[in-house]
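Biologist: Hello! Could you walk me through how some of the helices in this protein pack together?

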Amino acid sequence: MAARGGGGDAPAAASAASARTSCGGGMRLFSPEYYALCFGGGMLAAGTTHLAITPLDVLKVNMQVNPVKYNTIFSGLSVLVKEEGASSLRRGWGGKLFGYGAQGGCKFGFYEFFKKQYSDVLVGSNKSTIYFLSSASAQIIADVALCPFESVKVRVQTNPMFAKGLVDGFPRVYAAEGLSGFYRGLIPLWGRNLPFSMIMFSSFEHTVDFLYKKVIQKRKEDCSTAQQLGATCLAGYISGAVGTVVSNPADNIVSSLYNKKAKSVIHAVKSIGLRGLFTRSLPIRITLVGPVVTMQWFFYDSIKIFTGLPPSGGLPRELEEANK
């Protein structure tokens, strides 16, 4: 394959191959239009799935902030509805839809972009290295987009008197803390989402590769749409579950900081405790994240497939070879 050749001409050769590569005579792979579609697909996939699980997210945040009162999923939901009404379960929906939509667009779109760039530059490198670098680079940008929405969302979900949603929540945060109020949880957010994203994307890529080679035993391009989306969903669930365990400590810290239960990361770690960092809200996060990540990959790859693009998985040079 041209992209595997040594020397300084390899990146140029890979780029030239990319320029010639198109799917079904339509959209050219790795073109601006391709990345725009990936961004839009990621935004739609992440925004809608996170909106759908808003009630469980409300419970998750309250379990992190007040684990004594909200100690299990079923009793916690019962307490919320009894004390604050059924409408409490949709608090923060705007932050879920728009915040995670922006994050998802950046995460998926920039992952595709960086995967192409690193693949061209790091020819012959280990696949995991490219997946880790690409996902980390994309997530850094994605969390900058998410952080202001997350700041308002968490406060709305845990303090009904703070604000009703984004429209009145944004001005209140700015009036009380200025711009820094929107980004006080950015570093813990990176601490939560960077490991999750790196593990999630890498696990997804390797699981997809394993499924096609060892289970389905056919090239991705030769599989039916149902087989392709089946592989995507199974890989998505596995990658989401693995990433959840890794990111749970930072997720607890983020909620503690935004609700002023702790003044700093160190204070949050001490108050929650080492065991609590890994176990608090973990069952509900696994309940949430596994299906959510699965549905995100399903929607994202459905959009790709039905617009004539190949489903996710594999290095760019592999896609180029398959679609020549």
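Biologist: What is the handedness of the crossing where α5 passes α13?
Modeller: This is a predicted model, and in it helix α5 covers residues 93-121. The axes of α5 and α13 are 12 Å apart. As for the handedness, α5 passes α13 in a crossing that is right-handed.

Biologist: Which residues of α5 meet α13?
Modeller: On the α13 side, the contact uses Q296, W297, Y300 and K304. By class, the contact of α5 with α13 divides into 3 nonpolar, 1 polar and 3 charged residues. The α5 residues that take part are K107, F108 and E112.

Biologist: How are α9 and α13 oriented: oblique or roughly parallel?
Modeller: Helix α9 spans residues 186-216 and helix α13 spans residues 282-306. They pack at an angle of about 60°, with their axes 13 Å apart. Angles under 35 degrees would count as roughly parallel. The two helices are therefore oblique.

Biologist: Which residues of α13 does α9 meet?
Modeller: α9 brings F196, M200, F201 and F204 to the contact. By class, the contact of α9 with α13 has 7 nonpolar residues, no polar ones and 1 charged residue. The partners in α13 are V289, V293, W297 and D301.

Biologist: How many nonpolar residues does the contact of α2 with α13 have?
Modeller: Helix α2, residues 32-52, crosses α13 at roughly 145°, and the axes come within 9 Å. The contact draws on α2 residues including Y34, L37 and A45, and on α13 residues including V292, F299 and I303. By class, this contact has 6 polar and 1 charged residues, and its nonpolar count is 11.

Biologist: Where do D57 and K60 lie?
Modeller: D57 forms a salt bridge with K60, and their closest N and O atoms are 3.6 Å apart. A search of the whole structure finds 14 salt bridges. D57 and K60 are 3 residues apart, about one turn of the helix, and both lie in α3.

Biologist: Over which residues does pLDDT stay under 50?
Modeller: For the protein chain, the mean pLDDT is 86, and 90% of the residues reach 70 or more. Where pLDDT is low, the predicted coordinates should not be read in detail. The model has 26 contacts beyond four places in sequence for the stretch you ask about, which is residues 1-20.

Technical notes: Residues are numbered from 1 along each chain as its sequence is written. This is a predicted model: local features need pLDDT of at least 70, side-chain atom pairs count only at pLDDT 80 or more; totals for chains, interfaces and linings use all residues. Side-chain values use heavy atoms; hydrogens and water are left out. Axes are lines fitted to C-alpha atoms, for helices over the stretch in contact, and angles run from 0 to 180 degrees between N-to-C directions. Helices (H or I, at least four residues) and strands (E, at least two) are DSSP runs, numbered from the N terminus. Angles under 35 degrees count as roughly parallel, over 145 as roughly antiparallel, 65 to 115 as roughly perpendicular and the rest as oblique. Contact means heavy atoms within 4.5 Å. Ala, Val, Leu, Ile, Met, Phe, Trp, Tyr, Cys and Pro count as nonpolar, Asp, Glu, Lys and Arg as charged, and the others, Gly among them, as polar. pLDDT is the predictor's confidence in each residue, from 0 to 100. A salt bridge is a side-chain nitrogen of Lys or Arg within 4 Å of a carboxyl oxygen of Asp or Glu. A crossing is left-handed if the near helix is turned anticlockwise from the far one by less than a right angle, and right-handed if clockwise.
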